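Please open the model in your viewer and keep the selection tool ready.

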Amino acid sequence: MLSFRARLALVASAALLGLMYVLPVWRVTLAAPQYPEGLGMQIWLNTITGIKPNDLDNINNLNHYIGMKRIVPESIPELRWMPVIVGVLAGLAAAAALTRNRKLATLFVVALVGLAVIGLVDFYRWEYDYGHNLDLENAIIKIPGMSYQPPLIGSKQLLNFTASSWPAAGGFAAFGALVLGILALWIDRAPGARTGHRVRVPLSAAAA
Amino acid sequence: MSSPRRSRFVAAGTGVLALIGYLFACGPAKTSSSMVGATDAPSRVYVAPGTQDEFYAFMSGGFSGQIGVYGLPSGRLLKVIPVFSQNAENGYGYNAETRPLLNTSFGEIPWDDTHHPSLSQTDGMHDGRWIFINANNTPRFARIDLTRFETTETIEVPNTGGNHGAPFVTENTEYVIGATRFSVPIPQKDVAITSFAENFKGTISFVRADQPGKMDIAFQLLMPGFDYDLGRPGKGPSHGWAFFTSYNTEQAYTKLEVNASKNDYDYIAAVNWKALEACKASGKSKAWPANYAHNHYDDNKHLATTEMKKSVPVILPTDCPGSVYFLPTPKSPHGVDVDPTGEYIVGGGKLATVIPVHSFSKMMKAIEAKAFEKDVDGIPVIKYDQVMAGEVQNPGLGPLHNEFDDKGCAYTSVFITSEIVKWCFKDFKVVDRVPTYYSIGHLLVPGGDTKKPYGKYVIAMNKITKDRFLATGPELTQSAQLYDISGEKMKLLLDFPTIGEPHYAQAIDAKLIKDKQVKFFKLAENTHPYVAKSESETGISRSGKNVHIKMTAIRSHFAPDMVEGVQVGDTVLFHVTNLEQDWDVPHGFAAMGSWSDAELLIMPGQTRTLKWVPKYPGVYPFYCTDFCSALHQEMQGYVRVAPSGRAVALQTSTKARPAIPAGEQ
């Protein structure tokens, strides 16, 4: 049985996952002297957009010089699955809170960690694909041995651009959801693991 | 021309009457007293790399027909805005999209003479929406949209000869005002020039200006046949009035230099435009036949169109009593300026030895008391002493124009003695004077025509530069000189060259303009009849002898870039759309042997048309003229021209570019 505090943490975790529907998850920026106003794109659960309205088109236009594929959100299936996956995860957290089922809570945290890892690996794969599978037949700028894979996280110099890849608000929300999920399990860790702390019990009873 | 004696006079500030001996001197000798220390001036005008100026200055291009935009205090030229002259640099006035802006009742006119930029106002303050400017030669007004620094509207002014007293805006941009410098037969007819007094008339025009695309001659006031020189609307208490100088009240029609300089007094016409509005509303105006062009550029179509208007409302002063009075003003006044409070109306007698200052409140009392000395063609002339607030003594010779600061003082440009004279309203006494190099015309204080000027700088616009810059043959640059006016004494900080001949100029706080600049036009909103919004919409079609090519430009190629099927005798119309949707990525377009058009400079999201009429069979290149990208030199194409009558199938193609599939732009 989950305590009130643990359930609260799970509800908050579900709410944070909910925020991922309205906040960008990841942000890739390209910095170069000719772009004092900045250039970049944001990855949302279901799409990819420019930070400024035309940034994505402009990035695609720049990428044609190196023979990179156009980034077309409609052609990336993960953008269709992600809203469902996050919905299921948020549902798991909410269900665990509702049923006070610790196993469900554990499943939620394990699934969240697992899917986050899979997500990052998948993101890396896409980056690798964009950065390496170049149309060398039609590429305008060809530098032997050069690939253009942006960093998974952090910054990297790609020709004249410094490409930076960092979680955005939605990504931090996901991280927060994970922390809250782990916190929920930690709050209600097995009583044998600790001693002398009983305050939670009356609270849990009060909630019931 | 200058002499040490002259400079001693100036330095000592002694009697200005002595200056008459130098009536036609080109300028005073250099004095060191007005120069700031070498350590101070550079820091005051230095705008470090990567930082920006504090003001935009809009300077008329004079005989260039354009407007020069400069940053202040650096004096750096930022842009030349094409207005009344064709501009081969970007195709303005050559391409089908912008040519209609130069339409008049005389047809398309490739050149004019711009004099007086006037920034739009709200409640007597610059609001940064538009700037207006006049065409002096073939009378017109233009509106320039300050979100894009492009001319978007022009209107011809009928019944006018030399639209010089224009286009100063009223306090809320209700109207831009205009006045005929040269009186002419109205309506035009073939008469003897010697019948001037009988047949020639002047007009003062009020042009509706508060709505873009809807400029309209609201009404014209028919005036006696004098020369009307400059004008200024009132502000604050004098809002609803406008003041115009006149000269040649002698009504000379030849050798005006002498014959129009005889009278000791000419007039400032005080026009009550609110009374004129009321008279028009009560049916006292007459619709006179006329023929004039109103041209408007459609932002979404990226195309200007012309509407010819056939009638203009004219009001006779005798039909609208109380709408106009004459204020006697010494010696062929040139400028007339209204101070920030709206109380003082300052004349500038070109040949006068004083600066006459009229009082608006005294004028209203004099009108009330009917303190008139006579009337001229039914227009009452108010007694000079009943309207005059004061005369500034010893202002130098040839005071022309006035601008004002925020401390109750005026800065008068004085042409013959080549100086700026500072005086204050509290006692009408000269407090400072500095030489200009040489022969100042207009001058400018940022915000100087508003209710709250920025009392920081005054800029002299000089007609003659002689030795001030590196020599460039017989024709030398004209110049602007920037003076600090933040203290008691004016201090010269900077000389900078200008395009054409700057007459008047105005400056506005950069904050009111810089952040609302259009960076590119939205392709989705482009409704040009020949737009191609993606490479899949490009194509070629024939309509008789005209071959239309819908073409796109994006870094770094045109689509199509191979065109066949054109014959000698055809007219090829390249309609080029710039597909870019980013800031600062124009593309250019030029085709070899383009004898009827200039190049195109196409802003992102915009469509422009080049008319190309091939003369000989062959294959001719076209290319991008604006260095757009690393592969700019590859941005080219060919058009094949067959001999007349030899049909080659119309076809176009662009090499497949898998990186950017057509249709995905």
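## Two domains in chain B

Select the two domains of chain B: the centres of domain 1 and domain 2, taken over C-alpha atoms, are 44 Å apart. Domain 1 covers 34-92 + 106-288 + 309-516, and domain 2 covers 523-653; these bounds come from an automatic or database domain assignment.

This is a predicted model, in which local features need pLDDT of at least 70 and side-chain atom pairs count only at pLDDT 80 or more, while totals for chains, interfaces and linings use all residues. Residues are numbered from 1 along each chain as its sequence is written, and chains are lettered from A and ligands numbered from 1 in the order in which they are written.

## Two helix pairs in chain A

Select residues 4-19 and 78-99 of chain A, which are helices α1 and α3. Helices (H or I, at least four residues) and strands (E, at least two) are DSSP runs, numbered from the N terminus. The axes of α1(A) and α3(A) lie 8 Å apart, at an angle of about 160°. Axes here are lines fitted to C-alpha atoms, for helices over the stretch in contact, and angles run from 0 to 180 degrees between N-to-C directions. The two helices are therefore roughly antiparallel (under 35 degrees counts as roughly parallel, over 145 as roughly antiparallel, 65 to 115 as roughly perpendicular and the rest as oblique).

The crossing of α1(A) and α3(A) is left-handed, a term used if the near helix is turned anticlockwise from the far one by less than a right angle; clockwise is right-handed. Now show side chains. Among the residues of α1(A) in the contact are A:Leu10, A:Ala14 and A:Leu17, and those of α3(A) include A:Val86, A:Leu89 and A:Ala93. Contact means that the C-beta atoms, placed from the backbone, lie within 7 Å. The residues of this contact are 11 nonpolar, 2 polar and 1 charged. In this count Ala, Val, Leu, Ile, Met, Phe, Trp, Tyr, Cys and Pro are nonpolar, Asp, Glu, Lys and Arg are charged, and the others, Gly among them, are polar.

Next select α4 (residues 102-132) and α5 (residues 169-187) of chain A, whose axes are 9 Å apart at about 145°. Is their crossing left-handed or right-handed? The crossing of α4(A) and α5(A) is left-handed. A:Phe108 and A:Leu112 are among the α4(A) residues that make the contact, and A:Leu178 and A:Ile182 are among those of α5(A). This contact has 12 nonpolar, 2 polar and no charged residues.

## Two open sheets in chain B

Return to chain B and select the strands β21, β22, β23 and β26, which form an open antiparallel sheet in that order. Strands pair if DSSP finds at least two bridges between them. β21 (333-338) and β26 (388-393) stand at the edges with a single partner strand each, so one side of each has no neighbour in the sheet. On average, neighbouring strands are turned by 20° against each other, direction ignored.

Zoom in on β23(B), residues 354-359, which 5 bridges join to β26(B). B:Pro356 stands opposite B:Glu391 there.

## A hairpin

Select β18 (residues 286-298) of chain B, joined to β19(B) by 11 antiparallel bridges. The two form a hairpin with 4 residues between them, and B:His302 in the turn has a positive phi of about 55°. B:Trp288 stands opposite B:Val312 in β19(B). β19(B), residues 303-315, also runs parallel to β14 (residues 216-223) of chain B, with 2 bridges.

## Backbone exceptions

Most residues other than glycine have a negative phi, and most peptide bonds are trans. Select B:Tyr437 and B:Tyr438: a cis peptide bond joins them, with omega about -10°. Another cis bond joins B:Ala559 and B:Pro560, with omega about -5°. Finish at B:Ser332, which is not a glycine but has a positive phi of about 50°; B:Ser332 is in the loop between β20 (324-330) and β21 of chain B.

Definitions and conventions:
Contact = placed C-beta atoms within 7 Å.
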